[in-house]
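My entries follow the display.

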Amino acid sequence: MSLHVVMGFGPAGAATARLLAGQGHSVRVVTRSGRSPEPGIEHVAADAADSGRLIELCQGAAAIHSCAAPAYHRWVKDWPPLASSACAAAEASGAVLVMLGNLYGYGPVEGPMTEKLPLAATGPKGRVRAALWEQARQLHERGRIKAVEVRASDFFGPGVTVGGHLAGRVVPRVLRGKSVSTMGDPDVPHSWSYLPDVARALVEVAGEERAWGRAWHVPTAPALSSREMVDRLAARAGTGPVAVRALPPAVVGVASLFSPLVRELKEIRYQFDRPFVIDSSAYEAEFAVRATLVDEQVAATVEWWRERGAATG
């Protein structure tokens, strides 16, 4: 088995690292704070934006999984040096760079999103996401690195907590039978990428040379609205129907005065006010990973939160 370096240990980084370790690979996780070792995983405290240090840590690696993410309101400032460091480490080590991306780079579109759409975002977060992939793609085409991007929609599932729109603000309340508030229109179709499927796709493309040089969408189940997802969560939890309402714009406006995160959400409001649907058929036509059935996603998510004591918290 080979060495894989995982940048970041948020939900996606943790799921990817543990999946790789479970397959018998050597895994080195790079985070600012580091962590105690766990079976099959070495945790190293380092600033991944320090290219010299990251190059050292990636020597001998078969793949570098770029799953680190700056604070939401610091994307524009902090992500470019992080991505440049990852590219430098990929070039120096010869490891394939597997980038975890999202759908921001497309900007508002009509109809389901495919990988053939132009990266035409006009907002700052969308533009920076598009620029990160463009940098890696150009280096790949020049033969300097090997790179691939895996794009996911909003994360859902075990391990997704404060950063998910159907996570910490929603699931614990559903488990207690309480009403929930969601971003935008709760009745428009929305794609939710199941976190274990995200990790499985990141691991799969790392070993598939024919995947490199382009972006792929994570295999994602058919889109369901926030209300439909909450209904399924409540049914699985046995808490009965739960009221679902949109956060009033006035409430969001007031909250944005005090929260940098809420202020930044204005740029992506369109993702929740209109259909936001991912088409992952290109990936599914080429590779083995398939989206987990929604009922299985919901069951695992409810159980994970229950184990955390969310229903009584």
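Entry 1. I noted at the start that the model is predicted. I then looked up the salt bridges and found that the structure holds 18. Side chains of opposite charge can pair when their charged atoms come close.

Entry 2. I examined E149 and R129, whose side chains meet in a salt bridge at 3.4 Å, N to O. E149 belongs to strand β6 (residues 146-151) and R129 to helix α4, so the pair ties together parts that are 20 residues apart in sequence. I recorded both E149 and R129 as buried.

Entry 3. I turned to helix α4, residues 124-141, which has 18 residues. From its first C-alpha to its last it reaches 26 Å, close to the 26 Å expected. Its buried residues include V128, L132 and W133. After α4 comes G143, with a positive phi near 80°.

Entry 4. I looked up R227 and D187, which form a salt bridge with their closest N and O atoms 2.6 Å apart. R227 lies in helix α7 (residues 226-237) and D187 in the loop between β8 and β9, 40 residues apart.

Entry 5. Is D197 buried or exposed? I found a relative accessibility of 1%, so D197 counts as buried. Its salt-bridge partner is R200, which is partly exposed at 31%. Both residues lie in helix α6, three residues apart, about one turn of the helix.

Entry 6. Lastly, I located a patch of positive charge on the surface, where R173, R176, K178 and R245 gather. R176 sits in the loop between α5 and β8.

Note on methods. Residues are numbered from 1 along each chain as its sequence is written. This is a predicted model: local features need pLDDT of at least 70, side-chain atom pairs count only at pLDDT 80 or more; totals for chains, interfaces and linings use all residues. Side-chain values use heavy atoms; hydrogens and water are left out. Patches are made of residues with over 30% relative accessible area and no salt bridge: like charges are joined within 9 Å, nonpolar side chains (Val, Leu, Ile, Met, Phe, Trp, Tyr) within 5 Å. Accessible areas come from the Shrake-Rupley method with a 1.4 Å probe; for residues, only the protein chains shown count as cover. A salt bridge is a side-chain nitrogen of Lys or Arg within 4 Å of a carboxyl oxygen of Asp or Glu. Lys and Arg count as positive and Asp and Glu as negative; His and the chain ends are not counted. The place of a charge is taken as NZ of Lys, CZ of Arg, CG of Asp or CD of Glu. Helices (H or I, at least four residues) and strands (E, at least two) are DSSP runs, numbered from the N terminus. The expected span of a helix is 1.5 Å times one less than its number of residues. Buried means under 20% relative accessible area, exposed over 50%, partly exposed in between (1.4 Å probe, protein chains only).
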